[in-house]
Amino acid sequence: MSELVTLTKDHGIGIITINNPPVNALSPGVPEGIIAAVENAQKDSSIQGIVLIGGGRTFIAGADIKEFGKITSGQKKRDVGLQPMLEALEDCPKPVVCAIHGTAFGGGLETAMACHYRVAVPSAQLGQPEVKLGIIPGAGGTQRLPRLAGAAKAAQMCATGEPISAADALQHSLIDKIIEGELLPGAVAFAREIAGKGGPPRKTRELTAQLSDRQANLAALATVREAVRKRARGLMAPFKAIDAVEAAVMLPFTEGLKKEAELFNECLFSEQSKAQIHVFFGEREVAKIPGLPKDTPTIPIKKAAVVGAGTMGGGITMTYANAGIPVILKEASQELLDRGLERMKNNYAASVQKGRLTRQEMDQRLARIQPTLTYERFQEADIVVEAVFEEMALKKKVFAELDKATRPDAILASNTSTLDIDQIAAVTSRPQRVIGHHFFSPANVMRLLEIVRGKESGNDVIATSMALAKTLGKVGVLVGNCYGFVGNRMFHGYQREAQFLLEEGASVEQVDSALTAFGIAMGPLAVGDLAGLDVGWRIRKEHPHLTPKGERVPLVADRLCEMGRFGQKTGRGWYRYEEGSRTVLPDPEAEQLIEECARKAGIARRRIAPDEIVERTLYALINEGAKILEEGIALRAVDIDIIYINGYGFPAYRGGPMWYADTVGLKKIEERVCAFEKQHGAHWKPAALLKRLGKTGTTFADFDREKGGSTSQGLS
Ligand code: 3H9
């Protein structure tokens, strides 16, 4: 037996403990250790029953995800090697009770289901989250789960990947008992009781009751499939998961297992799975900041303050309140404050109505928000987030006031989406405490938080911001200070190309639908309408220097604004909208304007294929991403991917723009960018990094590895 798995005894009960921190993944050595422990317990005549438990903070969180890359790259044989362990557990003649705390996820839940009985603490979570990695359960999960919880529940769990609580698991017979007190003694007592009853242990694979009504189960699966079709656009794994559960309904256990293995391998070797595994590790990688020691002290954030109760300020305030942090909210006038509070209340009320929040939770969250018109109580705040109008003079005024109104140790964060954080910091006496916290709208929903490092931002302020992002339920990504930082700077070129394509002949719907068909949540023109076309218009007027001299610029957006067509808020923009509706409707008036602008500018219009739309917009994004990387504005290519997936609706199954670029091949992209430069002008100048990687036949993932960053496997 290995150190990873131990067998101890407690008066006739063998206790098998898994010790593979941090999450007891089924890494090589763990399954073998469990087999050896079961064999030893079987041989030991003083043992009547067995408890399987996880050491540390959790039961098993799944197979070791790092192993998948080794399999797909051919470094390892095509099997994660869990079946012998599952058979050893299920075939053990002595009853095996699985004791669950923390998470029993993926291979962890599959291990639990191969045991004869399951008990769990009330806080335990059980789930088959494999689809979030682009795969399906591959160790019998799709076969044993329906036998315990029924086909419909199994399909729902396997296709959505969402975990369930211990109470839900008990209700669906996935566990046998909830242990209210200490888990191990409770599980040992349970095992003793079962062993005392005698008789052969109950094997999950032999259960038949839940699968007896085949027609009813098939009908239930059709319903789940339909529901998933609406949610899982473009994804492969959720449907394969349902197919595998269907095999449990139709086939004997061993044949169902074979079908599951086939479907699992199909998913594992897919581009989608490689991309989603890259995203899993990427989300954890971005939390690691080169040069920032792991033990950098963080500043406790017990109370926050937000300046500005507009859409962004309100969303940020809700984010803090949702995370249990009391928050002072300041506005300049009672009217604006009331309007902001009303919006938040309506927002919460809508969540209550949808059943996402209880009335009590809503009241608790609202009670954490302390509205004010003055800075009087700002001394209490450990952090202040400024969310006033995007204008440098105003931001400087607010920061100068905050410098006086807050404790000298308080962090001052700006929610600016474009402005120079160093200029803002310079008006305070504590530039080392100033940082950018760029939330994405709606701030209480979107997961991304760009954390903008000023040249003097202190390490403790950066470390605190990264930890705070996690507390707030966000993915924090550290970025450098430049116009638009990472996300918006890249978005600029993407939007620009979308508009050029209109002038060259594509319709508004053609541009958007080419990109939604690619998997992007919302097309660039619909996004413009949602955000408000006047935002960009104002920026272009205020910062004429941002429009490069002599370069081609989009012609139509300003004209739309001059006509008062600001997008959704005015009922017209690139599209038109019915009163009170957000549904995009084609608008001949906008199309006519586009044609007119193109004609006047002498642009010959032509048919444009969806592939060209995807290339032009995405390669602009990627080329700018490469420039951002070479300038060090983003730490790694994976940071850009995580930004785009969590803030801009880029599909996780494409891995983010830089990962997607790797799958296309940087040589091809570099050639296309060079061709676009010749054809369309200087704004297509290829990034030096793109040229270098394209010429050497390497990838952005290689670039990350060169920098000593990425733990993800890269393409294989
Ligand atoms: C599977 O089981 C397939 C089966 O059907 C079998 C097929 C044959 N493997 O997230 P955290 C690392 S597929 C390897 O920050 P938290 C993670 O990278 C698997 N490593 O902690 C991080 O490393 P680092 C199905 C893993 O407390 C560290 O552990 N299971 C794994 O916020 C801490 O993680 C899943 O998809 C793993 N399975 O959240 C569950 N899990 O410190 C995936 C974690 O170097 N895991 N690591 O950055 C999770 O959802 C969360 O980690 C969990 C804890 C909720 C468990």
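Tutor: Helix α12 supplies the largest share of the shell around the ligand, namely three residues. Helices here are DSSP runs of H or I with at least four residues, strands are runs of E with at least two, and both are numbered from the N terminus. The model is a predicted one, in which local features need pLDDT of at least 70 and side-chain atom pairs count only at pLDDT 80 or more, while totals for chains, interfaces and linings use all residues. Residues are numbered from 1 along each chain as its sequence is written, and side-chain values use heavy atoms, with hydrogens and water left out.

The ligand is surrounded by 28 residues, and the closest are Arg57, Glu110, Glu130, Arg284 and Lys288; a residue is near a molecule if one of its heavy atoms lies within 4 Å of it. Sorted by class, the shell holds 16 nonpolar, five polar and seven charged residues. In this scheme Ala, Val, Leu, Ile, Met, Phe, Trp, Tyr, Cys and Pro are nonpolar, Asp, Glu, Lys and Arg are charged, and the others, Gly among them, are polar.

At Ala61, a backbone N or O atom lies 2.8 Å from a nitrogen atom of the ligand. At Gly107, a backbone N or O atom is 2.8 Å from an oxygen atom of the ligand. At Gly138, a polar backbone atom is 2.9 Å from an oxygen atom of the ligand. The ligand taken alone exposes 1000 Å², and the protein buries 78% of that area, as computed by the Shrake-Rupley method with a 1.4 Å probe. Two or more residues of the shell come from each of β5 (103-105), α4 (107-114) and α12 (271-285).

Some backbone details complete the account. Most residues other than glycine have a negative phi, and most peptide bonds are trans. The bond joining Pro21 and Pro22 is cis, with omega about 5°, and Pro22 is placed in the loop between β2 (13-18) and α1 (30-43). The peptide bond from Ser441 to Pro442 is also cis, with omega near -10°.

Definitions and conventions. Polar contact = N/O pair within 3.5 Å; in protein donor to acceptor, adjacent residues only side chain to side chain.
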